[in-house]
Amino acid sequence: MNIKRELSRQQSNAVYHYKGPLLVLAGPGSGKTRIITHRVAYLVHNHNIPPESILAVTFTNKAAQEMIDRLHDNDLLGETIGADVWIHTFHAVCVRILRKYGDKIGLNTRFAVLDQESQEELLSQFIRESSSSIPIEHVWLVREFISDAKIRLKDPTEVQESERLKRINERNDNNPSIVDIDLSDVLDIAKRYQEYLKEHDVLDFDDLITTTVELLSKDTDVREELQAKFKFIMIDEYQDINLAQYELINLLCNSEKNIMVVADDDQSIYSWRGSDPAFIDKFREQYKPKEIQLTDNYRSTKRILRASQSLIERNTRIKKNSLTTNNEEGEIIYYYKLDDTKEEMRLIRWLIKQLTKNKYYSPGQIAIFYRTHKLADKLEQFLLESKIPIKRIKREAFINQSAIRSIISYLRLICWRLEPDLERAIIFPDTVIDELTKQRLIKMANEEKVSLFELFKNIDSKDVAPLTKNRIKHFSRLIENLNGLQNEVSIGKIVNKLIEILESERSPYQAVDLQAIKNPPSYGSLQKAVNTLYDSINQRKPIKIIANYGIDNYCSAGMINYVLTNYFDIDDKVSCQFLSPDEKITVNNDETWNSKEKDDIIYIVIGSEGEIPYNIAKNTILIGALEETDDERYISALPAGEGGVVSTVTLKMCQRLMISYEAGSVDGLVVYDLETIGNNPKTAEIIELAGKKLGIRRKSKDGDDIFFHRLVKPTRQIPKSSSEIHGITNEDVKDMPSIEEVLPEFLKFIGDSILVGHNINDFDNKVLSRYMNSCLNRAELTNRSYDTLIVAKRLFPLENYKLDALADKFGVEYKKEDLHHASKDIIITENVFRSLRREELIRNERKSLNELLPLVALGILSKNAVMEEENSAFYNSALRYIKQRKGRSEGIEIFPISHLEAEEEESAISFLDRMAEENPPFTEDDNAWNNTMTKVRNSVVEFERNTYDNSLISFLSHTALLTGSDVEEEKEDKVTMMTVHSAKGTEFPVVIMMGMEQGNFPIISRDQSESELEEERRLCYVGMTRAKRRLYMTSVRFRDSDRELSPSQFIWEIRPDLIRTVTAKQVRSAWKKRKRQPLASNS
């Protein structure tokens, strides 16, 4: 390995360093990852250091994987030797140590790791269960309060100084207002949280570090064993460590102090996680290291590098040489000083189009950075609507594809049963219960003070519709059966078996099938038949099924008998008669029903009309009539389906009957809406509040009006922009009551009803919760919610989910000027809700009673029917159902084959054999499923390839430690959107930094210290130094309010000869004249 040829002189000096402590000061783009990997290879090859004796620690899984990939290259160590090196994040190192030695301090070594999403869900649950003063949207504060104590090696449940809580409260990036929260409430939630973790053998991210520190501090044998093992330690991004990590490093380092740290104080941007550039000085003091500076930048152009240096030089810094580069001079930095967000969005879209025009750059070479996520929400939607391909990086666990997240939820359910995982699993791979039913069941569980698991276990005793009850019982058995997977040794086997199980739970209907199957109307002969059966079941009237001879007719009779006896408790009221070839319909006088019941018998006759006795015809539902008529002789006459098949019509009738029970009423629902000044739920002020009780015509049973409507006087003036949107002026509200007066009335109005609204989960409910906390000292709104936005997104992916767009989609009549008026919006929302509900029920209906599909397919084959649209769809769905269940089917088992003549019996058996052997056609749905499962399997294979422990619990720990920026995305050519914090460790040919306004970047807080401002400057420096060839910046005068903003001070801190300002006027002029904006050369 010729290091001198591959590395610069400075890099070689660092790599050739053998023993003793070493501090490498490495600026952005200076090749620090290469130093660590080459030094590992150098130690192994040149000094015969065992690879397992080297520990290399970094902060992100992505960075760790990059080091692993480089080491596995045959030019360095190769995969066999490289696999033995300990290359991990801090958290992964601790998981590995605790799995092996945790029992030394009483830790169950099969502990689970709590990711941030699940952590917040747990804390939110504890806040709801308590009578605390903490608004639910401030769960972040409790999380950070607990984390802040742990990274300082403190107990989060012990009484802490109130100043620490205040300091955490003030650093919330998204909320300029400070909420008055009682310290005792935070400590109470922290205590509940810690007790839960201990009881369930769970560790959160911070526990991984602190528990390892505790282990190494208390157990001398373990500490000495690990110190002897790790002869060389290397730490990347040392400027980002906190106290707990600092102590961990010291405890792992042996007396020889063969430790190398790579740091850059100019890139220390995580003070809120306890990091501090001062730890670099502490390392100097404690270890007296040799120091090497890397000053060659291999990434950026000279102009970008000089501009970023001119900014960071305003900070108090470690004295070091400036970065230099041999790259080209490059283009000047363009700063666009715009008027509003619309102009900013248009400008960014225009920039992207210009950059990608004539293939100067591809979309994948462009990145958009912002200080906080809230700055990019509108831009993301705008670019998507403009057909700009984008991928947005968020701090989310594992892979944010819902199907993969659901599979992880199943794995987590196997290990430790959290309700959030149950709620995710219940809609995958097929929806078990619809949204309104789910909200009603959760409300029922809360009222009974039981978990959803307990409610599901006892679902038989609950007042729940038959189809839902059956599905929940099946789902509960599925979850119980999954527990057996824990006995498998490797995650690979567990995941393969889980995928096999979930494959059998997929809906046998594919999208192409559902498009072909016609949904029966809510009127006509089929609906009459369903209404009659519905009433008969409820009144427990006798039902007699009579099937004329034939496989198709027998299949239909078996289906109806199965549904009535398995889903409804009326076994004693149902009889079924299968007629022989020449047998005629007669009224049997030896029925077990009494004379009164005989008069109420409903007859279901299947097959051609034949000779139905006159005295029963008026009580008969005929299925298989020659045509649909209004023949008053019968209750209803249903014609056969496509190709004369009766089974398809029978299935539709049974499905419609089941869904009649699912529909339920809308009693107990309240649709509501509020209008506000501002659109940030943490600061918005209510100026109008309206609600309507559903299912009630005029007045509720207690005499209250079903409508609620109030204008509210805010604490500040209504700006003109808000008046233009909502039509409410300061004059309108000057004599109106305050929210303190209106809120108690509204809360009385809604009671404990399930709330219906558009985007209420993310906005309206949060605004109400905030006011409940500030005005009434109540923690939050506890009502369950049906959010039409969320349901629409699930039902109609990739469509426009705005209220007016949904109203247009469903043909809801409204006037454009009525939008954004609460009293009008609730009517629009109600109609959208009812339309979404109908859509849910239609989908539920068409995908119900899958177990009967084999009988439908048997009926189709027996008629030798042409496989036209519907018959083909039903038949292919039946084939999938049989294949998924490997030939097992309740439907086949209930087929009355013994009543057939020998020839028909032989045909039926032949048809069943044919269905068992035939494969359904491969569809786009199958392709999407296979691709998703391949991703899951590949992630497992990759995990097993790089891990020492391939158990389920280890894999869940691994996925919990992943974030959105860690996961390797598919090689998609899309513009990347991410926060500047997430951008650390990346590089792009083109970077656009948006939102460069004072208050947004830098974020300004009360009593902000100089060190806090310097960290904001370092963050800006990090963003600028990600750019390789082009850098653009934007700011606006007005962003989401009437408050005028000034450009970021960081703009004018950059050397003026390196940045060019383009004003809003110039931009508009260029657009108007259709001229190209000064965009630098086309290189």
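This is a predicted model: local features need pLDDT of at least 70, side-chain atom pairs count only at pLDDT 80 or more; totals for chains, interfaces and linings use all residues.
Reader: Why is Thr1025 called buried?

Author: Buried means under 20% relative accessible area. Thr1025 has 1%, so Thr1025 is buried.

Reader: Where does Thr1025 sit?

Author: In the loop between α44 (1010–1024) and β24 (1027–1038).

Reader: What makes the approach of the Thr1025 side chain to the backbone oxygen of Tyr1021 a polar contact?

Author: The cut-off is 3.5 Å for a pair of N or O atoms, one able to donate a hydrogen and the other to accept it. A polar atom of the Thr1025 side chain lies 2.9 Å from that Tyr1021 oxygen, so the distance is within the cut-off. The backbone oxygen of Val1022 lies 3.1 Å from a polar atom of the Thr1025 side chain, so that distance passes too.

Reader: And which residues does Thr1025 touch, leaving aside neighbours within four places in sequence?

Author: Pro28, Arg299, Ser300 and Ser308.

Reader: Over to the sheet with the order β13-β12-β14-β15-β16. How do you know that β12 and β13 pair?

Author: Pairing takes at least two bridges. Strand β12 (residues 543–547) is joined to β13 by 5, so they pair. They run parallel, and Ile546 stands opposite Gln577 in β13.

Reader: Why are β13 and β16 called edge strands?

Author: Each pairs on one side only: β13 (574–578) and β16 (636–639) are the edges of this open sheet of 5 strands. Neighbouring strands there are turned by 15 degrees against each other on average, direction ignored.

Reader: What lies across β12, β14, β15 and β16?

Author: Helix α25 (residues 525–538), running at about 130 degrees to β16.

Technical notes
Residues are numbered from 1 along each chain as its sequence is written. Side-chain values use heavy atoms; hydrogens and water are left out. Helices (H or I, at least four residues) and strands (E, at least two) are DSSP runs, numbered from the N terminus. Buried means under 20% relative accessible area, exposed over 50%, partly exposed in between (1.4 Å probe, protein chains only). Contact means heavy atoms within 4.5 Å. Axes are lines fitted to C-alpha atoms, for helices over the stretch in contact, and angles run from 0 to 180 degrees between N-to-C directions.
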